[in-house]
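I wanted to look up a few local features and jot down what turned up.

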Amino acid sequence: MSSAQSTADYETLLKRLQEKLGNTAGKAKARLEIPTPQIIWVGKNTIFRNFMDFPKALRRDPEKILLYLNKELASAGYIQGERVIFLGRKTPSSFNALLDRYVKDYVQCPVCGSPDTRTEKSKKLGFLLCEACGARSSIKGNYA
Ligand SMILES: [Zn+2]
């Protein structure tokens with residue numbers, strides 16, 4: 001009897017746990033996994049070691065993301081393999097902030113917040129097309 005009792009308890013617990021995990025998984029799916037920028041200084045330059053992870057994760061053109069970073073950092077960084085070399089010493093934390101802002105302005109759907117978007121050009125204007133809710137929003141800048 002007592003073993004049947006504990007089995008039932010276990011099943012209840014398991015069900016509760018699965019519900020919890022299910023909810024977390026649902027949320028994680030909508031959220032974007034942004035890699036952590038790996039920034040190092042070499043001499044007077046700043047090297048963004050895992051730059052290429054970002055165009056892949058965000059599904060954006062590497063050149064556009066680079067253009068954005070160069071404008072915001074007032075630099076002339078260039079792609080070298082997986083990395084970008086920026087001239088001058090840039091604060092590592094500024095990359096986090098800039099990439100967060102890039103995601104907000106050029107990747108996330110302003111209507112539903114989904115990162116599953118693609119861009120479209122129409123008459124020189126950029127648009128964000130959301131694959132989750134179908135919204136079509138205009139993009140301010142020219143960096144997506
Ligand atoms: Zn949306």
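Entry 1, Lys 124. For the cut-offs, a residue is buried if 20 or more other C-beta atoms lie within 10 Å of its own, exposed if 12 or fewer, and partly exposed in between, with C-beta atoms placed from the backbone. Lys 124 sits in the loop between β5 and β6. Its phi is near 70 degrees, a positive value in a residue other than glycine.

A note on the source: this is a predicted model, where local features need pLDDT of at least 70, side-chain atom pairs count only at pLDDT 80 or more, and totals for chains, interfaces and linings use all residues. Residues are numbered from 1 along each chain as its sequence is written. Helices (H or I, at least four residues) and strands (E, at least two) are DSSP runs, numbered from the N terminus.

I then checked another residue with positive phi: for Ala 74, which is not a glycine, the value is near 50 degrees. I found Ala 74 in the loop between α3 (62-73) and β3 (78-80). Ala 74 counts as exposed because it has 9 C-beta neighbours inside 10 Å.

Entry 3, the sheet. In what order do the strands of the open sheet of three run? I read β5-β6-β7, with antiparallel pairing; two strands pair if DSSP finds at least two bridges between them. The edge strands, each pairing on one side only, are β5 (117-122) and β7 (136-138). From one strand to the next the twist averages 30 degrees, with axes fitted as lines to C-alpha atoms (for helices over the stretch in contact) and angles running from 0 to 180 degrees between N-to-C directions. I followed β5 to β6 (residues 125-130) and found six bridges in the antiparallel sense. Thr 117 has Cys 130 of β6 as its bridge partner.

Which residues of α4 are buried? I listed Phe 95, Leu 99, Tyr 102 and Tyr 106. They cover an arc of only 60 degrees around the axis, so they lie on the same side of α4; the arc is that of the directions from the helix axis to the C-beta atoms. The face turned away from this buried side carries the exposed residues Ser 93, Ala 97, Asp 100, Arg 101 and Lys 104. I also looked up what covers the buried residues of α4, and the cover includes β1 (39-42), β2 (45-48), α2 (53-58) and α3; contact here means C-beta atoms, placed from the backbone, within 7 Å.

Conventions:
Two residues are in contact if their C-beta atoms, placed from the backbone, lie within 7 Å.
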